[in-house]
Amino acid sequence: IQTCALPILAVGEHRDRYLTGPDPDAVALSSLSVDAAQQGRGVGTAAMRALPGLVRALYPLARRVILIVNQRNPGARHVYGKAGFQVTATREGRIGPQWVMTLPLN
């Protein structure tokens with residue numbers, strides 16, 4: 001089986017480093033890697049649309065998914081936006097300004 005997209009999820013202190021304070025109701029998407037040969041083919045969008053089900057299965061008490069995206073990467077923000085994520089804050093990262101994006105889990 002070939003893996004085209006790989007999400008990495010974080011909780012606890014690994015999640016909270018993205019936030020201004022601890023949020024035990026959140027799961028952080030700390031990385032999403034899409035095989036370079038598959039980029040631009042909807043793989044990232046499909047992975048993001050499947051993410052809520054994965055998070056619910058692995059973390060049934062989670063109420064939201066959060067992520068950080070560099071503001072120099074509007075393409076990633078677009079993919080996350082198509083999956084329902086909304087910008088909820090901004091912050092300064094090691095390599096410049098970043099958007100904090102949140103997806104509520106119903």
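This is a predicted model: local features need pLDDT of at least 70, side-chain atom pairs count only at pLDDT 80 or more; totals for chains, interfaces and linings use all residues.
Residues are numbered from 1 along each chain as its sequence is written, and side-chain values use heavy atoms, with hydrogens and water left out.

The structure contains 3 salt bridges, each defined as a side-chain nitrogen of Lys or Arg within 4 Å of a carboxyl oxygen of Asp or Glu. Arg 64 and Asp 23 form one of these, with an N to O distance of 2.8 Å. Arg 64 belongs to strand 3 (residues 64-70) and Asp 23 to the loop between helix 1 (13-16) and strand 2 (26-34), so this pair joins parts 41 residues apart in sequence; helices (H or I, at least four residues) and strands (E, at least two) are DSSP runs, numbered from the N terminus. Asp 23 is buried, at 16% relative accessible area, while Arg 64 is partly exposed, at 25% (buried, under 20%; exposed, over 50%; partly exposed, in between; 1.4 Å probe, protein chains only).

A salt bridge also connects Arg 63 with Asp 25, their closest N and O atoms lying 3.6 Å apart. Arg 63 is located in the loop between helix 2 (43-58) and strand 3, 38 residues from Asp 25. Arg 63 is exposed, at 53% relative accessibility, and Asp 25 is partly exposed, at 24%.
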